[in-house]
Amino acid sequence: MHFIERLLQKQITIRQAIIAGFVLALLAAGYAFTAYRSNWFPVNVIREVRAFVGGDGAAHQRTLMQKVRNDLGIAPERFLHDRVVSAGTPLQDVTAPAGLFSEDRALPKFWASPALSLDDLLMIYGAFEFVDARFGIVMLDPRSGEILRQWPIAPGAETGALTKGGVEPSNGLIATSFAGNLKIQDFCGASVFEAEREYVHHAITFLPGTPVLWHWDTGDAVKRQADGTELQRFSIVDLMAANPDETWLHIRLSPFAWSFSEVDELVDWRAVALGTKDGRPVSEADPFHVNDLQPVPEDFPGIGAGEHVAISFRSLNTIAIVNVETLDIAHKIQEGLSRQHDIDFNDDDTVTVFNNRNPFENVHISGWQPGQTHVTPVFDTSSMRHANRAHGNHTKYGPESFVILDYHGRVYAVENGQLVLLFENLWSSDQVLELRNVWTFPRADYERHVAACGG
């Protein structure tokens with residue numbers, strides 16, 4: 001105030017005022033730069049407002065009015081997509097318990113070929129507009145089209161972001177990541193473990209036949225028991241330090257980032273984000289975007305001794321298979337991958353990948369063999385007009401048989417290249433509700449758990 005008073009009284013020269021203004025401008029610029037890189041106020045507020053008004057990613061562009069309608073509970077606008085129509089099939093309504101779905105939505109549709117060989121049930125995770133919840137999991141009998149059971153998630157959470165989940169049939173465990181939180185429940189719906197995390201997303205996979213899972217948490221791979229006990233944790237920076245010659249891991253690091261020798265742990269990925277797209281930071285909070293963390297079955301042929309997990313780095317177009325005891329990268333797959341997601345190590349000793357192939361308009365289910373650095377097409381989804389810029393997963397259940405999820409509201413199965421099953425999560429005749437995961441669930445396990453739950 002004293003400076004301003006002196007200025008008004010003309011006791012400060014124009015030259016002094018210019019110098020003072022220049023110094024203030026430098027200080028403001030310095031704070032703005034630091035605030036941008038460190039997400040200080042008001043940068044985070046500006047970004048949230050901009051994302052709300054203009055859209056928050058290629059997979060979720062919505063107008064302001066659509067978001068308002070969604071957040072007021074009028075319609076699930078954030079989770080609606082244009083229906084993808086492929087080869088004509090005689091679809092019929094699913095058989096669902098009375099009062100399960102909101103009256104605002106159409107019933108999901110279903111078709112199965114008499115030639116369908118799949119005997120397992122399907123668990124499907126997505127936006128379903130139940131009467132009392134927007135999101136959840138349904139158990140579908142793919143032979144009859146009947147919804148046998150459902151697990152609504154987060155009742156009343158109209159704006160939460162569903163991400164991915166995992167299922168362990170033998171133990172009846174169900175894990176979901178919702179709005180950054182991890183929730184594990186049993187088949188009967190009772191809570192086993194819940195934890196709030198800043199960024200639990202995408203990758204949640206159980207070790208088959210065990211109550212142990214791997215999941216992704218911020219920049220860390222985490223192994224924990226279903227009761228929440230943490231068994232192991234390692235970060236991408238740990239991988240970099242353990243594999244100094246694998247410099248492809250450094251591609252998303254900013255030239256302003258500090259050296260590994262000067263930091264024990266990176267906790268703020270925004271500090272190392274590199275590049276912009278349409279004037280916005282590229283994946284500023286998640287530059288590597290791990291979207292699958294798949295444990296490798298013990299003694300899987302060609303992988304090597306020790307426990308391994310496969311990590312799918314979407315934004316690096318790379319899958320790394322890591323020995324979790326030494327953190328050595330035993331195998332890496334890069335050639336032929338494009339924004340890939342799900343990688344599976346199958347019971348028949350094959351390895352398959354849900355390969356999104358963003359620039360090429362259609363997804364491939366691709367195959368890989370240990371020792372190779374590339375993938376080869378196993379099934380081309382162009383006959384299903386399946387083009388996912390994000391998300392998607394698959395399960396192999398026979399020699400040439402796959403259940404495939406299109407997050408634009410479809411689950412379908414193919415055998416020897418032919419469509420044998422189609423499920424559409426219709427909202428209306430021309431729009432569908434978003435889906436995120438599909439898993440197979442053996443009928444024997446289902447019947448055993450239903451009996452244990454009392455029906």
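Glu 424 counts as buried, because its relative accessibility is 4% (buried is under 20% relative accessible area, exposed over 50%, partly exposed in between, with a 1.4 Å probe and protein chains only). The model is predicted: local features need pLDDT of at least 70 and side-chain atom pairs pLDDT 80 or more, while totals for chains, interfaces and linings use all residues. Residues are numbered from 1 along each chain as its sequence is written, and side-chain values use heavy atoms, without hydrogens and water.

Glu 424 belongs to strand β28, which covers residues 418-424 (strands are DSSP runs of E, at least two residues; helices are runs of H or I, at least four; both are numbered from the N terminus). Residues up to four places away in sequence are set aside in its list of contacts (heavy atoms within 4.5 Å). That list holds Arg 83, Val 84, Leu 91, Pro 108 and Lys 109. It also holds Gly 409, Arg 410 and Val 432.

The chain as a whole has 6 helices and 30 strands. It has 455 residues, and 50% of them count as buried. Contacts between residues at least 6 apart in sequence were also examined. Of these, 51% join residues at least 24 apart.

Helix α6 spans residues 443-452. Its buried residues are Asp 445, Tyr 446, His 449 and Val 450. Seen down the helix axis, these residues fall within an arc of 130 degrees, so they line one face of α6 (the arc is taken from the directions from the axis to the C-beta atoms). An α-helix has 3.6 residues a turn, so residues three or four places apart point the same way. The other side of α6 carries exposed residues: Ala 444, Glu 447, Ala 451 and Ala 452. The buried residues of α6 pack against four strands, namely β4 (121-127), β5 (135-141), β6 (146-153) and β30 (435-441). Gly 454 follows α6, and its phi is positive, near 85 degrees.

A pocket is an open set of points on a 1 Å grid over the protein atoms alone, with protein on both sides within 12 Å along at least five of seven lines; a 1.4 Å probe fits at each point, and lining residues have an atom within 4 Å of one. In total, 41 residues line the second largest pocket. Gln 294, Asp 344, Thr 395, Trp 439 and Thr 440 lie nearest its centre. The largest share, 6 residues, comes from β25. By class, the lining has 13 nonpolar, 17 polar and 11 charged residues (nonpolar: Ala, Val, Leu, Ile, Met, Phe, Trp, Tyr, Cys and Pro; charged: Asp, Glu, Lys and Arg; polar: the others, Gly among them).

Two arginines have positive phi. Arg 339 has a phi near 55 degrees, although it is not glycine. It sits in the loop between β20 (329-333) and β21. Arg 339 counts as partly exposed, because its relative accessibility is 25%. For Arg 385, phi is near 50 degrees, again positive in a residue other than glycine. Arg 385 is in the loop between β24 (376-380) and β25. Arg 385 counts as exposed, because its relative accessibility is 53%.

Val 309 is in strand β18, residues 308-313. With 0% relative accessibility, Val 309 is buried. Among the residues it touches are Trp 214, Phe 234, Leu 293 and Gln 294. Val 309 and Ala 330 are 21 residues apart in sequence, and their C-alpha atoms are 10.0 Å apart. Thr 318 lies in strand β19, residues 318-323. Its relative accessible area is 1%, so Thr 318 is buried. Its contacts include Trp 248, Ile 311, Ile 333 and Leu 337. Thr 318 and Phe 288 are 30 residues apart in sequence and 9.9 Å apart in space, C-alpha to C-alpha. Arg 62 is found in the loop between α3 (43-54) and α4 (64-71). Arg 62 is buried, because its relative accessible area is 12%. From Arg 62 to Leu 80 the C-alpha distance is 9.8 Å, and the two are 18 residues apart in sequence.
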